[in-house]
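Welcome! Here is a short tour for anyone meeting this structure for the first time. Have a look at it, then read on.

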Amino acid sequence: MFNLLLSFLPELALIATALVLFLLGVTRKLRGLAPTLAGGVLAGVAVYQVFNLPSQYADTVSGSIVAGTVSQYVKLITAVLGFLFVLLNWPQGEHKTGGPAVEYGREGPEFFALILLALSGLMLVSGANDLITLFMGIELASIPTYILVSMSRPLPAAQEAAVKYFFLGAMSAAVLLFGLTYVYGVTGSLYLDGSAAHTLGINGAMKVVSSSATGIGGWHVLAMALVTLGLCFKLAAVPFNAYVADVYQGAATPVSALLSYLPKAAGLMALLKLLWALSGGTWVLPSSIITLLWVLAVLTMCVGNALGLLQFSVKRTLAYSSVAHSGYLLVGVAAIAAAGGNRALQTSLIAALLFYIAVYGLMNVATFGVLQLLPTRVPADAATGLAQPATTADSFEDLSGMGWKYPLLGVAMSVGCLGLTGIPFTAGFVGKLQILTQTLGAGCYWLAAIMMLNAAISAGYYLRIIAALYARAEPSGQPIEQPHSRAVSLAIGIAVAGVLLIGAVPQVNGWLAGVVNLAAGETLIDLSSQPTAQAASDR
């Protein structure tokens, strides 16, 4: 029980604080404490994880949670990025009901409680060792975001985006749950480590027809295909990317920043865990699944970048940028599968993915944070002639000339966009280079070439954002000035410093790479030296 509490401590802290925040919502005088409590608990969890990273804990009672270095690392970066997301949503103005970027009214405690619950869901996914806990974590990371999109702005666009997001999310959850039933059916175990053992046919546990020495048969392939497609929604991968642009544009800008990281990280961790378990812990996947991962990676990169070039909204551009980056992550997953039984190369690829998801979150904090501080020229409603409610800069016209008017914000946006492009001396370059290098090592030359081509194509819309800041004259018309926010400025400063230090300072880059390699050196399920009770009995 003590090991269970230790392995589950970050999630327990976030969930307990969320419950306290829900109680604060019924008071008047204490509502203003909500962002301080949310930010404080995330900062505390981050500090705890820094000292706890090398530790491993296993729930030896039920076997549902195993916290090794991979999950400890994911919890660390989630706590750090979660703290930055809280700063982006920090209330402004006299009444502390949000601000021009996000308007949650008197529901501030509930708003921050939902952020904490979503972050705890991602942490739960990282340490899950059974199918039920994994599915609960995925849904806990997803359901609060549906509500956040709806309550973040008093606009019809936000309500419409939330409805689209919810129904498509429900469909993907159904597909994923259907796939998980096949995982249980073909392995006979709810436990991921037990599923891996059964896939190898240990003790005659496999009961499916198979001609493979690893025990992977047709039903295994179907289970792999279903869980991969079900998680494509979380990753915003083609063909389940139709909702992304509308949701990013409809949601408040800081909520869009949260969506760019949290569902993507949860989907990536769940996909890696499930494919690891279904392959018997060997990553030797059927050729049909490797082909599926290739196709998904190529289509996601190409479609995301092609549609990003056609947008007139900066938030929609960044939405399709998110789709393209999901393609880059899928390149790494496909390369892991193509590496066969090369354990060292697979470990390096997992390390590259863990590194990239962290720096990708930092770059999005910078870009979306700048976007919410820039003034906007909101057009009047055609029917009423009145200006729309609180919003932030969105169109390229809103950015015109702002780089000269707000030089620090212009520099921060430029750093974020150059990092997302993969320009040298930024964290984005280091992350892309690691994925490309290891993909080439796995022999996926065409996949690496397509990724490099797409990275070059993406420069078209990232440089367009920078050009709008500096090369276009500020249009006539009075912009709606944004109030200065120290919290948002702090989040942007931390993110920009991280992007530059990781990309340009070898010592910082080496430290983070060392942390990631330490995490990836463990098995993906993060088993401790002693197997869980259920897994041991299964074997």
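Among contacts in the chain between residues at least 6 apart in sequence, what percentage join residues at least 24 apart? The share is 78%, where contact means heavy atoms within 4.5 Å. This is a predicted model, in which local features need pLDDT of at least 70 and side-chain atom pairs count only at pLDDT 80 or more, while totals for chains, interfaces and linings use all residues. Residues are numbered from 1 along each chain as its sequence is written, and side-chain values use heavy atoms, with hydrogens and water left out.

**The chain as a whole**

- The chain has 22 helices and two strands; these are DSSP runs numbered from the N terminus, with helices being H or I of at least four residues and strands being E of at least two.
- Of the 539 residues, 61% count as buried (buried is under 20% relative accessible area, exposed is over 50% and partly exposed is in between, using a 1.4 Å probe and protein chains only).

**Helix α14 and its partners**

- The axes of α14 (residues 343-373) and α18 (residues 427-441) come within 9 Å and cross at roughly 160°; axes are lines fitted to C-alpha atoms, for helices over the stretch in contact, and angles run from 0 to 180 degrees between N-to-C directions.
- α14 and α18 are therefore roughly antiparallel to each other (angles over 145 degrees count as roughly antiparallel, under 35 as roughly parallel, 65 to 115 as roughly perpendicular and the rest as oblique).
- The contact between them includes Leu345, Phe355 and Met363 of α14, and Val430, Lys432 and Ile435 of α18.
- By class, the contact of α14 with α18 has twelve nonpolar, seven polar and one charged residues (Ala, Val, Leu, Ile, Met, Phe, Trp, Tyr, Cys and Pro count as nonpolar, Asp, Glu, Lys and Arg as charged, and the others, Gly among them, as polar).
- α14 also packs with α17 (residues 407-421), at an angle of about 145° and with the axes 9 Å apart.
- Where α14 meets α17, the residues include Tyr360 and Val370 of α14, and Met413 and Cys417 of α17.
- This contact of α14 with α17 has eleven nonpolar, four polar and no charged residues.

**A residue inside α14**

- Phe368 is found in helix α14, and Phe368 is buried, with a relative accessible area of 0%.
- Leaving aside neighbours within four places in sequence, Phe368 is in contact with Tyr248, Thr253, Ser256, Ala257, Ser260 and Leu318.

**Helices α6 and α11**

- α6 (residues 131-151) and α11 (residues 253-278) pack at an angle of about 165°, with their axes 11 Å apart.
- That makes α6 roughly antiparallel to α11.

**Backbone details in the loops**

- Most residues other than glycine have a negative phi, and most peptide bonds are trans.
- The peptide bond from Val238 to Pro239 is cis, with omega near 10°, and Pro239 lies in the loop between α9 (218-235) and α10 (244-250).
- Ala236 has a positive phi, near 60°; Ala236 is in the loop between α9 and α10 and counts as buried at 4% relative accessibility.
- Phe425, in the loop between α17 and α18, has a positive phi of about 70° and counts as exposed at 60% relative accessibility.
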